[in-house]
Each structure stands twice: as C-alpha cells, then as structure tokens.
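Please look over the sequence and the structure shown here before reading on.

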Amino acid sequence: MDRQLYTFEKTIEQFCRQEELLRPGMKVLAGVSGGADSVCLLLVLQHLAERLGFELAVLHVEHGLRGEESLEDARFVQELSRKLGLACRVCHVDVRGLCRQQHLGEEEAARILRHRALEEAAREQGAQVIALAHHRDDQAETVLMNILRGSGLKGLEGMRPKRGRLIRPLLCVGREQIEAYLLATGQAWRTDGSNLSLDYTRNRIRREILPLLAESVNARAAEHLVALSDQAARTQSYLENEAREKLEELAERADTEAGYPALILPVDALRRMPALLQEQVIRTAIEALDEGQGLKDIGRVHILDICGLVDKGSGKRLDLPGRLKARRQGRKLWLYRDMAAIRTAKAAPV
C-alpha cells in the first residue's frame, strides 16, 4: 500500500481506537451523501471493518432539492456500495414540505430529516452506531459559527467524536487530506453545487471568513479553533458532572397548575453557586425536562435570562424558545414546557 494511504488510514484507525468509536461485532451504518468527505468515510470504514471486525451498511438520504442531480447522487452511492459489496438503502425525504410545515430554513429542515432517517434506519437494521463524515475543517467552522451565535462554552465544544449513537471517525483529518486520499486511490466523488452557494451561513464561513482569517490574522486559525474545541470539551465535561450532582441534590419534580411536568430549583442554593456553575445547572435542568426538546434554540442569552430570575422577585416569568417557561415563585425557580403547544405541533402532518 502507498505510504500516504497507509498513514492516512492508520491515523483514523488510531483515532477510532482512542475515542472507542468502533468495536468488533458491532454494526455500523454510514451516512453517505456521495461528496468527498462521505466517500472517504466509506472507503476507510470498509478498510477498518476488515481489521476491526465490524459489519458495515450504507444509507443515502435524498433531499429532493436538486432534481435530477440529487437522484444522480443517490445512484452514485448505490453503485459505489455495490462495488464495495455493501448493502445500501436510499431514503427520500421532503425538505421543502418540512420547511413549510415548521417554518424552517432548508439547511435546518434537511438536517432534521437526515438525522431522523439515519436513526430510523439504524433501529431497523440493528446498527449500534451511525458514522458521519464531519472532519477537522468542519469542526473549525462549527466552533466559529457557534462563537458568532453567542452559544457560550457549550458551543465551543463543537462536534464530539461520539455523542449518543453518532460517531465521527474523520474529525482527526482535514479536507485537503481527504481529497488527497481520494485522488491517490483514484476514487471519484460527487460535488453538490449548493455547497458553493454563499446563501448559507456555513458556506460563507467556509469560503470567505476562515480563508480571510488565515490570510489576514493567523495561517493556523482553523487549527487553533479545533484545539480550543478540545479544551472546551474537557472543561464542559467537568462542569456537566458537577451540575448533574447539584441537580440530583437540589431539584424537585412537580406539576404546574396546568399539569405540565416541571423541575423546581431552590433560589438560595442557586445564588450561592459560582456563576458558571449556576448557568450549567440551569442548562442541565432544561435538558432533564421530559419532552425531548432539549436545548434546541436555547442559547446562552436565554440561560442568562433564566439566571436573572434568581435575583428578581416572586412572580417574574419568561417565555423562551421551544415553549420553555421559567418563573420565580417564592424562593423557587420553576422550569417547564407548554406541553399543549408541543403536542399540537407534533400532531400536525409533515
């Protein structure tokens, strides 16, 4: 094997071992779009499947946004999978339909439907993990985008190598390495024209902002953003452990007057905490609510607004994204969701 190819594949294998992403006997579902990143992921996973002893299958999600070009992407992935001797399923989703139904942008709607399809296919096929093709440059873009959106320390984490069922084996390599690997193997890939459009925030960061930072500020800007994400992840892990312990110690559960499940925290205990820990306890409490919305659309500004209730009088309330409600009642802070609105949204057809 060419030394360059061996080094590239070995780097990813060592990363997967270090992060405990893959193990013998498991089934791995790879999300493959046909672009360079996901094609590289598929080739490397096939190589590792032989070495590490896991089973590999492929899912392609066709978003229905680019007409015949999109269908050609699906056929490309099917043919590549066939050549590699892998089972491939194509899932067609209606991105524009979800955009209309939930008033979302195409990027967000496509992400939701893509992950929904991957999770469903993984359950049906008995796959323990879903492999995604995010790489080191994607990580830099994500961290910078999160900084600019004001997401706080949690956003500095960026994407983790493993989160739930999702794994990202390529986070240890960059876009140039990926394309060099494919060129060295003689493997073609598909190019999505929408990735060149500056109408999307991530594309502007990728094609304009990060190159400008590299040229005008520091040539290693992207590398430093990735290093920052690693440091933030370690710090965040420590804070989350502390916050979980505090939440178990302090939180009560009860129903609101309307019958919605709520988490209740003592204001005096919150006030005595360092500000950073107080924020994380609030964040962890929101994640612990039962409706599955988690922290979607909740940024640091919303967490700070909730923390602000600690120093305000009884009766103060906040209405936040995702139907999240916060109120100060006596010496207690109540957190809950308007479940009636959530049920109505879930019942609406997509």
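## A report on the predicted model

I147 counts as partly exposed, because its relative accessibility is 39%, where buried means under 20% relative accessible area, exposed over 50%, and partly exposed in between (1.4 Å probe, protein chains only). This is a predicted model, in which local features need pLDDT of at least 70 and side-chain atom pairs count only at pLDDT 80 or more, while totals for chains, interfaces and linings use all residues. Residues are numbered from 1 along each chain as its sequence is written, and side-chain values use heavy atoms, with hydrogens and water left out.

I147 belongs to helix α6, which covers residues 136-149; helices (H or I, at least four residues) and strands (E, at least two) are DSSP runs, numbered from the N terminus. Together with L148, I209 and L228, I147 makes a nonpolar surface patch of about 320 Å². Such a patch is made of residues with over 30% relative accessible area and no salt bridge, with nonpolar side chains (Val, Leu, Ile, Met, Phe, Trp, Tyr) joined within 5 Å and like charges within 9 Å. A salt bridge is a side-chain nitrogen of Lys or Arg within 4 Å of a carboxyl oxygen of Asp or Glu.

A search of the whole structure gives two aromatic pairs. Rings of Phe, Tyr and Trp (its six-membered ring) pair if their centres lie within 6.5 Å, and planes under 30 degrees apart count as stacked, over 60 as edge-to-face and the rest as tilted.

| Pair | Centre distance | Plane angle | Class |
|---|---|---|---|
| F8 and Y181 | 4.6 Å | 25° | stacked |
| Y260 and Y336 | 6.5 Å | 35° | tilted |

The pair of F8, in helix α1 (residues 3-18), and Y181, in helix α8 (residues 175-185), ties together parts that are 173 residues apart in sequence. F8 is buried at a relative accessible area of 6%, and Y181 is buried at 4%.

In the tilted pair, Y260 lies in the loop between β7 (252-255) and β8 (261-266) and Y336 in strand β11 (residues 332-337), 76 residues apart. Y260 counts as buried at 16% relative accessibility, and Y336 is buried with a relative accessible area of 9%.

As for the chain as a whole, its secondary structure comes to 14 helices and 11 strands, and buried residues make up 46% of its 350 residues. Its C-alpha atoms fill a box of roughly 70 × 45 × 45 Å, taken along the principal axes.

How values were computed: Areas by Shrake-Rupley, 256 points an atom, 1.4 Å probe, with all protein chains shown as cover.
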